[in-house]
Amino acid sequence: QVQLVEFGGGLVQAEGPRRLSCVASGRILGINAMGWYRQAPGKQRELVAMMSSGGTANYADFVKGRFTISMDNAKNMVYLQMNNLKPEDTAVYYCHGQVRDRASGPYMNYWGPGTQVTVSS
């Protein structure tokens, strides 16, 4: 089994920064990509940013220029540096990983339990 756990959520003032971290642990034979999604109350979960193990990053339009994703492949960790936060960024942020946990198996989708980020105006 594979577990993902997020760290770093909390209350932050508008225009301030916050850094989220996520670590994957367990039976990990390979990681194809890791990233971040978020879900605000009453809304669907949406992609924030994703990075492949090769370093290619994709961002949602609403965070381009403000958020930066990075990975530490050796530690099975992914980070999300969030700058210039806005009240509309308030959401539960979920870590996501495409992880191979069997020698000949496919990459499977794993999720962390989520961490709340609240941006006050």
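The side chains of D101 and Y110 are joined by a polar contact of 2.4 Å. By polar contact I mean a pair of N or O atoms within 3.5 Å; within protein, one must be able to donate a hydrogen and the other to accept it, and residues adjacent in sequence count only if both atoms are side-chain atoms. This is a predicted model, in which local features need pLDDT of at least 70 and side-chain atom pairs count only at pLDDT 80 or more, while totals for chains, interfaces and linings use all residues. Residues are numbered from 1 along each chain as its sequence is written, and side-chain values use heavy atoms, with hydrogens and water left out.

Back to D101. It sits in the loop between strand 9 and strand 10, the latter being residues 108-111. Strands here are DSSP runs of E, at least two residues, and helices are runs of H or I, at least four residues, both numbered from the N terminus. D101 is buried and has no salt bridge; R102, the nearest side chain of opposite charge, is 4.1 Å away. Buried is under 20% relative accessible area, exposed is over 50%, and partly exposed is in between, with a 1.4 Å probe and protein chains only. A salt bridge needs a side-chain nitrogen of Lys or Arg within 4 Å of a carboxyl oxygen of Asp or Glu. For charge, Lys and Arg are positive and Asp and Glu negative, with His and the chain ends not counted. Beyond four places in sequence, D101 touches V2, R27, L29, M108 and Y110, where contact means heavy atoms within 4.5 Å.

L29 counts as partly exposed because its relative accessible area is 44%. Its contacts outside four places in sequence are R100, D101, R102 and A103. L29 and S104 are 75 residues apart in sequence, with 9.8 Å between their C-alpha atoms.

What does the side chain of E6 reach at 2.9 Å? That is the backbone nitrogen of G114. A polar atom of the E6 side chain also lies 2.8 Å from the backbone nitrogen of C95. E6 belongs to strand 1, residues 2-7.

G114 itself is in the loop between strand 10 and strand 11. Its relative accessible area is 25%, so G114 is partly exposed. G114 and C95 are 19 residues apart in sequence and 6.8 Å apart from C-alpha to C-alpha. Besides E6, G114 is in contact with V92, Y93 and Y94, leaving aside neighbours within four places.

On to the core. In soluble globular proteins, nonpolar side chains tend to be buried together. A nonpolar core here is a set of buried Ala, Val, Leu, Ile, Met, Phe, Trp, Tyr and Cys residues joined through side-chain atoms within 4.5 Å. The largest one has 29 residues, and M34, W36, L80 and Y93 touch the most other members. Elements giving two or more residues to this core include strand 1, strand 4 (30-39), strand 8 (77-82) and strand 9 (91-100). Strand 9 provides the largest share, four residues. Among the contacts of L80 beyond four places in sequence are L20, W36, V48, F67 and Y93.

One more position in strand 4 is A33. With a relative accessible area of 6%, A33 is buried. A33 touches, among others, M50, M51, H96 and G97. Its C-alpha is 9.4 Å from that of Y107, 74 residues away along the chain.

Last, the whole chain. There are eleven strands and zero helices. Of the 121 residues, 40% are buried. Among contacts with a separation of 6 or more, 55% are between residues 24 or more positions apart. The C-alpha trace spans about 50 × 25 × 25 Å along its principal axes. The radius of gyration, taken over C-alpha atoms, is 14 Å. That agrees with the value near 14 Å for a compact globule of 121 residues, the rule being 2.2 Å times the number of residues to the power 0.38.
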